[in-house]
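Hi there,

Here is the structure I promised to pass on to you. Have a look at it first, and then read my notes below.

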Amino acid sequence: MKKLFNMNRLKKYGKSLQFRIFIIFILVGVIPIMLIKQSILKSYEKQSITQRGTMVQNQCVNIAEQLYSTGYINGTDSEVVEMELFQLGNLYNGRIVIVDSGFQIIRDTYDIDEGRIIVSEEILKCFEGTNTMRYDKDNEFIEMTIPVEDEDGGITGVMVVSMPTTDIQDSREDLDRKVVILQIGMFIIILGGAFYASKILVKPFGKVTQSLDELTGGFLEEDISIPDYTETQLLSEAYNRMLKRMRVLEESRQEFVSNVSHELKTPITSIKVLADSLIAQEDVPVELYKEFMTDIGEEIDRENKIINDLLSLVKLDKKSADIHIEEKNINELLELLVKRIRPIAEKKEVELVLESFKPVIAQVDETKISLAFSNLIENAVKYNKEGGWVHVSLNVDHKYFYVKVEDSGIGIPEDAQEHIFERFYRVDKSHSREIGGTGLGLAITRNAVLLHRGAIKVYSKEGEGTTFTVRIPLVYTE
Ligand code: ADP
């Protein structure tokens with residue numbers, strides 16, 4: 001179990017930004033150190049070899065002059081030359097071979113090949129006037145040829161010098177070891193630095209998480225602000241926007257709950273008052289009983305209506321979860337609604353007319369869209385004057401159908417128009433209550449219209465009348 005936990009932590013670390021920053025630091029730090037080591041060692045070796053070569057060559061040029069001037073090259077003995085050859089050979093532990101114009105070795109400081117004939121590419125080149133210098137890295141020596149020139153520049157012999165470079169190689173290896181130690185030291189420093197830097201760099205993100213966690217605990221209280229980076233700043237700003245929205249939602253939720261409780265309590269309070277007053281009185285006449293019981297019955301109906309409206313709203317709030325879309329004839333649908341509401345209109349002496357301009361078939365949820373339109377038509381009748389009229393019309397274009405509900409009623413004051421779609425909002429509470437309103441009708445209508453991706457608008461003038469226009473797409477889109 002513990003092992004699994006560690007594996008998970010390791011996996012998490014492997015995926016983290018911190019780990020990536022750590023790796024980048026390491027790569028950026030270590031690769032140059034590796035490369036630098038190689039080039040330092042190479043350039044050290046190259047420089048040492050060149051230096052050694054030039055030094056030996058300069059001394060050889062001196063000796064070569066004496067080889068000619070003392071006549072050594074032509075067979076004359078010279079102690080000075082011998083001395084010089086001995087010194088140079090001793091100094092670098094090297095071998096000097098002098099070849100005359102007949103390619104015969106007239107002197108070998110190792111005393112091995114004297115008298116022998118020697119022909120090599122380098123010697124031939126040197127007789128032609130080209131000095132050669134060759135570094136044999138594997139066998140650790142430098143070999144060079146220097147011409148012995150007479151006063152006219154003619155070449156009368158060649159000096160072949162080979163010098164071991166073991167000391168240079170040794171000090172290169174020594175340097176190599178030192179650089180490796182230095183590298184390990186730097187690697188450890190970089191490792192520590194990278195780990196520390198990666199930790200510091202991602203710290204603000206940790207702060208964001210911590211702030212969010214704290215907020216989840218305390219919920220919605222304060223805004224967060226982590227301005228360390230532009231990214232964390234944007235993150236906190238986005239979070240604060242979400243927070244603001246959540247606060248609004250929370251407020252409206254609380255308001256809704258308190259409204260619901262209030263609305264549900266009102267009929268119950270009335271029922272309780274009516275019942276109590278009946279009980280309190282003695283010898284109550286049957287007529288009064290009947291009257292009170294009728295009132296109680298009405299209050300129960302009202303309670304029922306509020307509960308039904310609330311249920312419709314809750315269903316609509318579930319969004320497209322259980323929407324049943326079908327192709328429907330909207331003309332028939334409206335005719336049915338108007339037929340159902342007509343008796344109420346007639347009772348109020350309100351003329352109710354439906355006008356369909358064109359046949360309309362659209363994809364709708366029949367129950368929900370009927371609820372939306374019947375609320376509008378019922379309102380137009382309810383908030384009308386005696387002898388008034390309600391005009392429902394249906395029109396269509398290639399994309400939408402339009403339903404217009406016009407009335408000659410009491411109208412809606414301008415400042416109330418933006419609130420009428422809110423739950424439980426009524427312009428005149430007592431009037432709405434009197435005529436059986438719950439304040440939920442237009443909220444239901446708006447939700448149903450929005451569920452169909454439609455739009456609803458209101459135009460009204462107080463005392464003159466109201467017009468609601470609804471636009472619904474013919475084809476339903478998810
Ligand atoms: P209610 O159940 O009270 O009718 P609604 O949500 O249907 O609730 O309407 C909200 C308020 O908007 C109503 O109380 C009423 O004041 C106003 N209203 C709605 N429709 C009309 C209309 N056609 N004419 C005048 N006022 C209206």
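To get you started: in which helix is the place of Ser270? Ser270 sits in helix α6, which covers residues 230–280. Helices here are DSSP runs of H or I with at least four residues, strands are E runs of at least two, and both are numbered from the N terminus.

Two notes on how to read everything else. This is a predicted model, in which local features need pLDDT of at least 70 and side-chain atom pairs count only at pLDDT 80 or more, while totals for chains, interfaces and linings use all residues. Residues are numbered from 1 along each chain as its sequence is written, and side-chain values use heavy atoms, with hydrogens and water left out.

Back to Ser270. Not counting residues up to four places away in sequence, Ser270 touches Glu299 and Arg433, where contact means heavy atoms within 4.5 Å. Ser270 and Glu299 are 29 residues apart along the chain, and their C-alpha atoms are separated by 7.2 Å.

Now the overall picture. The chain has twelve helices and twelve strands. Its radius of gyration is 53 Å, well over the 23 Å that the globule rule gives for 478 residues, so the chain is more spread out than a compact globule. That radius is taken over C-alpha atoms, and the rule is 2.2 Å times the number of residues to the power 0.38. Along its principal axes, the C-alpha trace spans about 165 × 55 × 40 Å. Of the contacts between residues at least 6 apart in sequence, 65% join residues at least 24 apart.

How much of the chain is buried? Of the 478 residues, 38% count as buried. Buried means under 20% relative accessible area, exposed means over 50%, and partly exposed is in between (1.4 Å probe, protein chains only).

Next, the cores. A nonpolar core is a set of buried Ala, Val, Leu, Ile, Met, Phe, Trp, Tyr and Cys residues joined through side-chain atoms within 4.5 Å. The largest one has 52 residues, and Phe373, Phe401 and Phe468 touch the most other members. Leaving out residues up to four places away in sequence, Phe468 touches residues including Leu376, Val403, Ile412, Phe421 and Val458. A second, separate core of 22 residues includes Ile49, Ala64, Tyr72 and Ile96.

Ile33 is found in helix α2 (residues 17–69) and is buried, with a relative accessible area of 14%. Leaving aside neighbours within four places in sequence, Ile33 is in contact with Gln183, Met186 and Ile190. Gln169 belongs to helix α5 (residues 166–218) and counts as buried at 7% relative accessibility. Again leaving aside neighbours within four places, Gln169 is in contact with Glu45, Tyr135, Lys137 and Glu140.

Finally, the backbone. Most residues other than glycine have a negative phi. Which value does phi of Asp111 take? Phi of Asp111 is near 55°, a positive value. Asp111 lies in the loop between β2 (105–108) and α4 (121–127) and is exposed, with a relative accessible area of 55%. Phi of Glu349 is also near 55°, and Glu349 is in the loop between α8 (330–347) and β7 (351–356).

Enjoy exploring!
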